[in-house]
Amino acid sequence: MGVVSEEETHIRLTAWVHGRVQGVGFRWWTRSRALELGLVGSAGNLADGRVQVVAEGVRDHCERLLAALRSGESPGSVDRVVERWSPAKGGIRGFVER
């Protein structure tokens with residue numbers, strides 16, 4: 001009956017990354033991980049020192065990106081990541097650094 005499985009549903013992940021994450025290649029690293037996972041979105045520096053990551057795609061892939069952000073393998077030093085899940089808005093092409 002045309003039921004879309006959970007794995008195929010696109011979702012939006014917005015993550016705020018706290019720590020020493022500006023000027024250390026963190027956005028570039030995040031973009032590389034996102035592109036490997038087939039996600040679209042952006043990673044941008046905020047004035048308060050955080051990096052905001054917005055990614056849209058298959059939920060499993062967004063969860064893998066979130067796990068990567070928390071993995072300790074990124075450049076710099078991540079203290080914590082706060083995430084918010086919402087419906088995908090669409091209309092995004094590629095993954096950019098802001």
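## Contacts along the chain

Residues 24 or more positions apart account for 76% of the contacts in the chain with a separation of 6 or more. The model is predicted. Of its 98 residues, 37% count as buried.

## Overall build

The chain has 2 helices and 5 strands. Along the sequence they follow the pattern β-α-β-β-α-β-β. The radius of gyration is 13 Å, close to the 13 Å that the globule rule gives for 98 residues, so the chain is as compact as a globular protein of that length.

The C-alpha trace spans about 50 × 25 × 20 Å along its principal axes. The accessible surface comes to about 5,700 Å². Carbon and sulfur atoms hold 48% of that surface.

## The sheet

Strands of a sheet pair through backbone hydrogen bonds, either parallel or antiparallel. Here, 5 strands form an open sheet with mixed pairing. Their order is E4-E1-E3-E2-E5. Strand E4 (77-87) and strand E5 (95-97) stand at the edges. Each has a single partner strand, so one side of each is left without a neighbour in the sheet. On average, neighbouring strands are turned by 15° against each other, direction ignored.

Look at one pair. Strand E1 (residues 10-20) and E4 run antiparallel, joined by 10 bridges. Within this pair, alanine 15 stands opposite glutamate 83 in E4.

## The helices

Both helices pack on the sheet. Helix H1 (residues 26-36) touches E1, strand E2 (40-45), strand E3 (51-58), E4 and E5. The direction of H1 makes about 180° with that of E5.

Helix H2 (residues 59-69) touches E1, E3 and E4. The direction of H2 makes about 150° with that of E3.

## The listed active site

Which residues does UniProt list for "active site"? Its unreviewed entry names Arg27 and Asn45. They are spread over 19 residues of sequence, yet they cluster in space. The largest C-alpha distance is 8.1 Å.

Arginine 27 lies in helix H1. Its relative accessibility is 22%, so arginine 27 counts as partly exposed. Leaving out residues up to four places away in sequence, arginine 27 touches Ala43, Gly44, Asn45, Val51, Glu97 and Arg98. Asparagine 45 lies in strand E2. With a relative accessible area of 32%, asparagine 45 is partly exposed. Again leaving out residues up to four places away in sequence, asparagine 45 touches Gln22, Arg27, Arg50, Val51 and Arg98.

Definitions and conventions: Residues are numbered from 1 along each chain as its sequence is written. This is a predicted model: local features need pLDDT of at least 70, side-chain atom pairs count only at pLDDT 80 or more; totals for chains, interfaces and linings use all residues. Side-chain values use heavy atoms; hydrogens and water are left out. Two strands pair if DSSP finds at least two bridges between them. Helices (H or I, at least four residues) and strands (E, at least two) are DSSP runs, numbered from the N terminus. Axes are lines fitted to C-alpha atoms, for helices over the stretch in contact, and angles run from 0 to 180 degrees between N-to-C directions. Contact means heavy atoms within 4.5 Å. UniProt positions are given in the numbering used here, feature names are shortened, and annotations may be inferred rather than shown by experiment. Buried means under 20% relative accessible area, exposed over 50%, partly exposed in between (1.4 Å probe, protein chains only). The radius of gyration is taken over C-alpha atoms; the globule rule is 2.2 Å times the number of residues to the power 0.38. Accessible areas come from the Shrake-Rupley method with a 1.4 Å probe; for residues, only the protein chains shown count as cover.
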